[in-house]
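Here are my notes after a pass through the model. Have it open as you read, and go point by point.

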Amino acid sequence: MQPSNFPTIFSITESELDLNDLLAKITLPSTGAAAIFTGMVRGETSRRGSTQAKRGEARETAFLEYEAYVPMAEAKMKQVADEIRERWPVVEGIAIVQRIGKLYPQTPTVLIACTAAHRDTGVFDAARYGIDRLKEIVPIWKKEVGPNGEFWVEGEYTPKPGE
Amino acid sequence: MNHIKVLLFATLRDRAGTKSMEIEIPDSTTVQGLKDQIARDYPNLKQAMETVLISINREYAFDEAVVPQNAEVAMFPPVSGG
């Protein structure tokens, strides 16, 4: 398959993420490696900086509620995929999918997967770059709801001109 | 005058109590001018205008940019997907 035909999937969905189906869609005859990142909802969050937080110190999360500015989010996901291809031309397939709506602990919320012929091609870095950029420029927000009320999670990144 | 649609997301929508609004702005208004007008006309959004991110026709837009005719503008806080 020619690089110009390499599969690129980017979408916002309210449906359950089907990791196997997404992986199959970006697997080519020449693919020998896939780096798959998926994030999920944490039911409890330790206090920042503590690796030994006792159960009582953890913050509990009932669910996260995600929303997106869908047409812009999908355009920005495409841009992230383009950036990955520019930096790692050996990457074959790319999938970037964010689930939105009410998502409960232990549920996958996002998938970034990159495939390549071999594992030593930078494919791990490519997937890492994808999730980092998604968190910077793709217009998606989440609200955390728990026993102590609800609050919006705000990002820290301010996009620059050209992003 | 320029008639634009402003979409609001996350904290901006909560503060405004609406998902979108249609507003009139003078021709050649910049993003900064639009933020000033909204801060003046919508007191609930005044504080948010200091840190808000803005897109015009689904691309990030910055203070000096002029808002085009019939633009689709969106206002939202820094993103938190993943």
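Predicted model: local features only at pLDDT ≥ 70, side-chain atom pairs only at ≥ 80, totals over all residues.

1. Start with a pair of residues: A:Phe63 has A:Val145 in β9(A) as its bridge partner. The strands involved are β5 (residues 63-68) and β9 (residues 140-146) of chain A, antiparallel and joined by six bridges. Strands here are DSSP runs of E, at least two residues long, and helices are runs of H or I of at least four, both numbered from the N terminus; two strands count as paired if DSSP finds at least two bridges between them.

2. Residues are numbered from 1 along each chain as its sequence is written, and chains are lettered from A and ligands numbered from 1 in the order in which they are written.

3. Now zoom out from that pair. β5 and β9 belong to an open, antiparallel sheet of four strands in chain A, ordered β7-β5-β9-β10. β7 (101-103) and β10 (149-153) of chain A have a single partner strand each, so one side of each lacks a neighbour in the sheet.

4. β6 (residues 94-99) of chain A deserves a look, as six of its six residues are buried (20 or more other C-beta atoms, placed from the backbone, within 10 Å of a residue's own; exposed is 12 or fewer, partly exposed in between). A:Ile94, A:Ile96 and A:Gln98 point one way, and A:Ala95, A:Val97 and A:Arg99 the other.

5. What does β6(A) pair with? β1 (residues 8-13) of chain A runs parallel to β6(A), with six bridges, and A:Phe10 has A:Ile96 as its partner. β8 (residues 108-116) of chain A is antiparallel to β6(A), over five bridges, with A:Val97 opposite A:Leu111.

6. A:Ile96 turns up again in the largest nonpolar core, which has 57 residues; A:Ile96, A:Ala113, A:Cys114, B:Leu12, B:Met75 and B:Phe76 have the most contacts inside it. Such a core is a set of buried Ala, Val, Leu, Ile, Met, Phe, Trp, Tyr and Cys residues joined through C-beta atoms within 7 Å.

7. Finally, the contact between the chains: 28 residues come from chain A and 17 residues from chain B, contact meaning backbone-placed C-beta atoms within 7 Å. On the chain A side, α3(A) gives the most, with four residues.

How values were computed:
Contact = placed C-beta atoms within 7 Å.
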